[in-house]
Amino acid sequence: MKLRRGALPVALALLPLLPLLGPARAVEPISLGLAIAGAAASALTGFISYPRVYCYFRECCLQRHDRRAAAGLQESLDRKLFGQHLVNKVIVKAVKGFLNNTDPKKPLALSLHGWTGTGKNFVSKIIAESIYKKGLKSKYVHQFVATLHFPHADSINLYKDQLQSWIRGNVSICPRSLFIFDEMDKMHAGLIDSIKPFLDYYELLNGVSYRKAIFIFLSNAGAEKITEVALDFWRKGRTREDIQLTDMQNALSVSVFNNKNSGFWHSTLIDRNLIDYFVPFLPLEYKHVKMCVRVEIESRGYAVDEDILTRIADEMTYFPRDERIYSDKGCKTVYAKLDYYYDF
């Protein structure tokens with residue numbers, strides 16, 4: 001009889017422990033080796049199969065404790081997101097409440113709206129990182145970009161089948177799957193309605209529960225309405241922090257629903273109230289752009305040069321033309337401008 005490869009070293013390593021086991025009867029060396037090797041393998045298998053230990057080495061579904069994930073989300077938004085008090089408040093309450101609910105009645109559906117560079121992709125990234133260590137690179141986080149994954153209008157029926165199959169298969173593997181749909185304003189109308197059953201109040205669909213999944217939609221649609229409200233507050237001498245979600249959420253959902261250039265145009269997801277929150281991203285002001293520049297410089301390990309910081313903020317373009325209040329690209333081009341000024 002032969003020992004399996006690797007068994008003998010394990011057996012020899014455990015030999016010093018034999019005196020602790022008490023008096024032993026004489027046994028054949030090979031039998032002893034097999035017994036020790038078997039015990040060691042069994043112990044190792046049990047150790048690795050213990051969920052928390054296994055998930056230390058391998059990524060697991062529901063990897064982070066939900067309460068810890070919610071706390072991490074709050075901390076990250078407080079430290080990294082600027083000028084978006086509504087986003088901070090709504091996202092934290094919505095995601096925290098959902099993660100801490102052991103029996104949700106439907107998946108969480110968030111629709112993030114605002115101009116380019118205001119933080120929509122950034123926030124979806126923070127949400128992903130708060131739930132899974134690998135963030136957007138996690139195998140349980142799935143991103144779709146309208147112009148990349150659904151480019152052809154004449155293939156909508158094919159896209160619908162593929163999308164349903166992809167969601168069904170991944171939620172079957174991991175109930176806490178996260179799906180992010182970018183460029184909703186460029187998605188073909190009617191396509192997103194194919195996922196309506198997965199967002200509805202069903203306990204099971206063909207044996208699969210979707211209630212713990214999270215769906216995030218990103219769109220520029222509705223940005224005009226958000227700016228309209230923000231400008232109205234500014235012209236009346238009120239601060240942006242005075243703006244409440246109730247000041248724009250209903251108008252925002254109606255604007256998106258009736259926008260023919262939006263993937264949500266006359267969508268059943270809105271009509272059936274399956275989107276839990278329409279989250280407005282306010283246009284960023286000059287002071288917020290400077291905050292973005294400062295944090296990016298510090299993240300690269302360089303001392304902040306106030307002159308360069310101001311110069312970069314001054315080079316951004318702002319609107320409306322007369323007041324020049326809001327950056328028309330938010331903080332999106334800050335990183336490229338830093339590369340120009342700093343010899344990284």
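A disulfide here is a pair of cysteine sulfur atoms within 2.5 Å. Keep that cut-off in mind, and keep in mind that this is a predicted model.

So, disulfides to begin with. How many does a search of the whole structure find? Two.

Take Cys 61 and Cys 174. Their sulfur atoms sit 2.0 Å apart. That is within the 2.5 Å limit, so the pair forms a disulfide. The angle about the S-S bond is 75°, and the link is right-handed. Where do the two cysteines lie? Cys 61 is in the loop between α3, residues 51–57, and α4, residues 66–80. Cys 174 is in the loop between α8, residues 156–173, and β3, residues 178–182. So the bond ties together parts that are 113 residues apart in sequence. Is Cys 174 buried or exposed? Its relative accessibility is 0%, so Cys 174 counts as buried.

Now the other pair. Cys 292 is joined to Cys 331, again by a disulfide, with 2.0 Å from S to S. This one links distant parts of the chain, 39 residues apart. Cys 292 is in helix α13, residues 286–299. Cys 331 is in the loop between β7, residues 326–327, and α15, residues 334–341. The torsion about the S-S bond of Cys 292 and Cys 331 is about 80°, so this disulfide is right-handed. What about burial? The cut-off is under 20% relative accessible area. Cys 292 comes out at 16%, so Cys 292 counts as buried. Cys 331 has 5%, and is therefore buried.

Stay with α13 for a moment. Helix α13 packs on α15, with the axes 10 Å apart and an angle of about 55°. The two helices are therefore oblique to each other. Their crossing is right-handed. Who meets whom? From α13 we have Val 289, Cys 292, Val 293, Glu 296 and Ile 297. From α15 we have Val 334, Tyr 335 and Leu 338.

One pairing in detail. Strand β1, residues 108–113, runs parallel to β4, residues 214–219, and six bridges join them. In that pairing, His 113 stands opposite Ser 219 of β4.

Which helices lie across the sheet? I will take α6 and α8. Recall that the loop holding Cys 174 lies between α8 and β3.

Last item: α5 against α6. Helix α5 covers residues 85–100. The axes of α5 and α6 come within 12 Å and cross at roughly 30°. That makes α5 roughly parallel to α6. The crossing of α5 and α6 is right-handed. What meets at this contact? On the α5 side, Val 87, Ile 91, Val 95 and Leu 99. On the α6 side, Val 123, Ile 127 and Ile 131.

That is the tour. Questions, please.

How values were computed:
Residues numbered from 1 in each chain as written. Predicted model: local features only at pLDDT ≥ 70, side-chain atom pairs only at ≥ 80, totals over all residues. Heavy atoms only, no water. Helix = DSSP H or I, 4+ residues; strand = E, 2+ residues; numbered from the N terminus. Buried < 20%, exposed > 50% of the residue type's maximum accessible area, 1.4 Å probe, protein only. Pairing = 2+ DSSP bridges. Axes fitted to C-alpha atoms, helices over the stretch in contact; angles between N-to-C directions. Parallel < 35°, antiparallel > 145°, perpendicular 65-115°, else oblique. Left-handed = near helix turned anticlockwise from the far one by under 90°. Contact = heavy atoms within 4.5 Å.
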